[in-house]
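Welcome, and please take a moment with the sequence and the 3D view. The report below walks through a few parts of the fold.

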Amino acid sequence: MEKEALKRLVTKYQNNEITLKRLLLDIQVQAGVLSDMDVYHLFNDYNIPLKDIEHWVRITRSLEIVEHASHHLHLCQGQSCLMKINQNTQDIIAENNDFEVHYVGCMGMCSLGPMAALDGKVFNDINHNQPFIDILRQK
């Protein structure tokens, strides 16, 4: 997003948790993506604490939609899920070219992981979730 457009949005919102969420979503809607450079400018140029931005950036990025993809797969990158996902599941995901893969922050259900969301539907234990694997193979 251009710095001037970002400045207008920052001016529109005050620096508190509720409006910060709205600010990040507005940036994403207007620019199509919440880039690392946008986050850098919010932190560096507008003195919004990184700890305040970081949580909402993960959530906002998990909602990003890439218009050209037929399907959208969001994979949890929480530490527990990263440790649990097996090579077979990774290979099935890599073989499928019909969807855009998004790596998102912790989806909050660590004991049920590894977690994923495919076209908005959440799946747990994707290594052994046969309906999830079947859907990936069909797409």
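## Helix α1: two sides

Let's start with a helix that shows two faces. On one side of α1, Arg8 and Thr11 are exposed. Keep in mind as you look that this is a predicted model.

Across from them, helix α1, spanning residues 3-12, has Ala5, Leu6, Leu9 and Val10 as its buried residues. These lie on the same side of α1 because they cover an arc of only 135° around the axis.

## The sheet

Next comes the sheet, which is open and made of four strands in the order β2-β1-β3-β4, with mixed pairing. At its edges sit β2 and β4, each of which pairs on one side only. From one strand to the next, the twist averages 20°.

For a specific place to look, Leu118 has Lys121 in β4 as its bridge partner.

## Helix α7 across the sheet

α7 lies across β1, β2, β3 and β4, and runs at about 45° to β3.

Within α7 (residues 130-138), the buried residues are Phe132, Ile133 and Leu136. They cover an arc of only 95° around the axis, so they sit on the same side of α7. The cover over these buried residues includes the strands β1 (71-76), β2 (99-104), β3 (116-118) and β4 (121-123), along with helix α6 (87-95). Turn to the other side of α7 and you will find Arg137 and Gln138 exposed.

Note on methods
Residues are numbered from 1 along each chain as its sequence is written. This is a predicted model: local features need pLDDT of at least 70, side-chain atom pairs count only at pLDDT 80 or more; totals for chains, interfaces and linings use all residues. Side-chain values use heavy atoms; hydrogens and water are left out. Buried means under 20% relative accessible area, exposed over 50%, partly exposed in between (1.4 Å probe, protein chains only). The arc is that of the directions from the helix axis to the C-beta atoms. Contact means heavy atoms within 4.5 Å. Two strands pair if DSSP finds at least two bridges between them. Axes are lines fitted to C-alpha atoms, for helices over the stretch in contact, and angles run from 0 to 180 degrees between N-to-C directions.
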